[in-house]
Structure formats: structure tokens, C-alpha cells
Amino acid sequence: MAQLAEAFGKPHLHSGLGIRRLKENYCEFRTGRDTRAVFKLEGGIAIMMMTANHDAVRRFLKNR
């Protein structure tokens, strides 16, 4: 999460973390080869929602 705060607004650092928007206010970044961290943006604050593999992230978003 510290890297996320440092990287936000700096596109070259974004690509290193693999930050991408998912749906609505949800985004994700890589925490490892097979693990993603999902966060929600609310009023300029990133709220950590979960860390999981790709399939679990898809299921999580499907229910939102």
C-alpha cells in the first residue's frame, strides 16, 4: 500500500505496480505473480478491499 500511495499520479510507477481500473471505483495492483490487491477509491482515499488470485477478484467484482 505504501508503494501505491507513492505511485499514484505517476504513470511510470503505475506500470511497475500494474495498477488498473476494474469497475466503478475499484482498482487493482499486483502484489506477486499470481496475487492481486483490490482497492476502492472514495473521495481521494484508497480503501483496501482484498488480496486474492485473479479468479477470486472476478467473483468479488461480480457481486458488487
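The chain exposes about 4,500 Å², of which carbon and sulfur atoms supply 49%; accessible areas come from the Shrake-Rupley method with a 1.4 Å probe, and for residues only the protein chains shown count as cover. This is a predicted model, in which local features need pLDDT of at least 70 and side-chain atom pairs count only at pLDDT 80 or more, while totals for chains, interfaces and linings use all residues. Residues are numbered from 1 along each chain as its sequence is written, and side-chain values use heavy atoms, with hydrogens and water left out.

Read along the sequence, the pattern is α-α-β-β-β-β-α, where helices (H or I, at least four residues) and strands (E, at least two) are DSSP runs numbered from the N terminus. The four strands form an open antiparallel sheet in the order 1-2-3-4, two strands being paired if DSSP finds at least two bridges between them. Strand 1 and strand 4 are the edge strands, each pairing on one side only.

| Element | Residues |
|---|---|
| Strand 1 | 20-21 |
| Strand 2 | 26-30 |
| Strand 3 | 36-42 |
| Strand 4 | 45-52 |

Seven bridges join strand 3 to strand 4, and Ile-45 in strand 4 is the bridge partner of Glu-42. Helix 3 (residues 54-62) packs on the sheet and touches strand 2, strand 3 and strand 4, contact meaning heavy atoms within 4.5 Å.

Ile-45 counts as exposed because its relative accessibility is 51%, the cut-offs being under 20% for buried, over 50% for exposed and partly exposed in between (1.4 Å probe, protein chains only). Buried residues make up 31% of the 64 residues in the chain.

Key. Axes fitted to C-alpha atoms, helices over the stretch in contact; angles between N-to-C directions.
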